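Here are my notes on this entry, as numbered points. Please read them with the structure open.

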Amino acid sequence: MATPARGGKPLNILLVRVSSLGDVLHNMPMVADIARHFPDANIDWVVEEGFVSLVRLNARVRNVIPFALRRWRKSLGKAETRAEIKSFFRTLRQQEYDYVFDTQGLLKTGIIMGAARVVKGGRKVGLANGSEGSGYEGISRIFHNLSIPTDPRTHAVARGRIVAGAALGYAVDTPADFGLPSVPDDTPRPEWMPESYVVFFHGTARDAKKWAPEHWIALGRELAPMPILLPWGSPKEKAEAEHLAAQLPNARLLPKLSMADAIMVARRATLVVGVDTGLVHIAAAFVRPTVEIYADSPRWKTEGNWSPRIINLGDQGTPPSVAEVLTAARSLLT
């Protein structure tokens, strides 16, 4: 076990990982690692306001500090927006930290790290380099006083864990623990949610990552009569979901969901099938039976590799066939 700073007093630690949904999720095992080695540590987290509900599911995070750059940048000229920004930095600076970790490596996260206060001898720790295909910005290193190198092909979950372990002096040698709670049996269900269902997370912002509509339709027909839920997050995704629902008598088009409701759909599903997107990774983090489909992104970067209940198919440029996905789905259902 590493030796805590400040003469044995509990460590105060700040994590800066503001977006996106999948990246925030993949940062969560850092929390369990730190808590395992420093049970008394106080862990705070700066995250985009849209993902606050996800981070708050982790009981080991003491304070969640919402960051709203996506909204602020639309109205920087307004007095109320500038007041919100000042309030954010005021809240950020209320606590002095022993360690501040920026595991995103962007200029905006570096600025947050730079504004955070540390105790005398405190460390601001970040990534010395990016991974292949990441949006890493080297200028973020000017805000570190400790930069941790990682292999450019390090899994998204492992990167933050490695950075924290190197700074705090412990080995990363356990399976990833996302710190997410199970759903109590007596939790009420929305009226649109059946007791048992498959959810198709078919939508994603980048078209190249999608699986062909005819594949979803063929898979859904093979899984009938089990109900299939079709969520969506944009007008384009809604139109795509409506097309699928029209071809699948066992499919249900969902209403527009809040982030909390979308997470609930993932965590209560009997089976999740989806492309490389945040909600699929959330289902995998809850260790729901999950088939992850890779079509235009490298599988090594985000595949769910911590449970046999997660099956990863396809890879960059080689999406899986309907037969492969159906075989995986049936194996998880049985």
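1. Val-125 has Leu-146 in strand 6 as its bridge partner. This is a predicted model, so read every value below as computed from it. Strand 5 (residues 117–127) and strand 6 run parallel and are joined by three bridges.

2. Is strand 2 mostly covered or mostly open? Strand 2 is mostly covered, with six of its seven residues buried. On one pairing, five bridges join strand 2 to strand 1, and the two run parallel. There, Asn-12 stands opposite Asn-42 of strand 2. Strand 2 also pairs with strand 3 in the parallel sense, over five bridges. In that pairing, Val-47 has Pro-66 of strand 3 as its bridge partner.

3. An open sheet of six strands has the order 9-8-7-10-11-12, with parallel pairing. Its edge strands are strand 9 (251–253) and strand 12 (310–314), and each pairs on one side only. From one strand to the next, the twist averages 20°. Strand 8 (residues 228–230) runs parallel to strand 9, and three bridges join them. Ile-228 stands opposite Ala-251 in strand 9.

4. Where does Trp-232 lie? Trp-232 is in the loop between strand 8 and helix 9 (235–247). It is buried because its relative accessible area is 15%, under the 20% cut-off. Not counting residues up to four places away in sequence, Trp-232 touches Glu-237, Lys-238, Leu-253, Leu-254, Pro-255 and Lys-256. Trp-232 and Gly-203 are 29 residues apart in sequence, yet 6.6 Å apart in space, C-alpha to C-alpha.

5. Helix 11 lies across strand 7 (198–201), strand 10 (271–275), strand 11 (290–294) and strand 12. Helix 11 runs at about 145° to strand 11.

6. How do helix 10 and helix 11 pack? Helix 10 (residues 259–268) and helix 11 (residues 278–285) pack at an angle of about 50°, with their axes 8 Å apart. That angle is why helix 10 counts as oblique to helix 11. The crossing of helix 10 past helix 11 is right-handed.

7. Check the residues of that contact too. From helix 10, Ala-262, Ile-263 and Ala-266 meet Leu-279, Ile-282 and Ala-283 in helix 11. The contact of helix 10 with helix 11 has six nonpolar residues, no polar and no charged.

Key. Residues are numbered from 1 along each chain as its sequence is written. This is a predicted model: local features need pLDDT of at least 70, side-chain atom pairs count only at pLDDT 80 or more; totals for chains, interfaces and linings use all residues. Side-chain values use heavy atoms; hydrogens and water are left out. Axes are lines fitted to C-alpha atoms, for helices over the stretch in contact, and angles run from 0 to 180 degrees between N-to-C directions. Helices (H or I, at least four residues) and strands (E, at least two) are DSSP runs, numbered from the N terminus. Angles under 35 degrees count as roughly parallel, over 145 as roughly antiparallel, 65 to 115 as roughly perpendicular and the rest as oblique. A crossing is left-handed if the near helix is turned anticlockwise from the far one by less than a right angle, and right-handed if clockwise. Contact means heavy atoms within 4.5 Å. Ala, Val, Leu, Ile, Met, Phe, Trp, Tyr, Cys and Pro count as nonpolar, Asp, Glu, Lys and Arg as charged, and the others, Gly among them, as polar. Two strands pair if DSSP finds at least two bridges between them. Buried means under 20% relative accessible area, exposed over 50%, partly exposed in between (1.4 Å probe, protein chains only).
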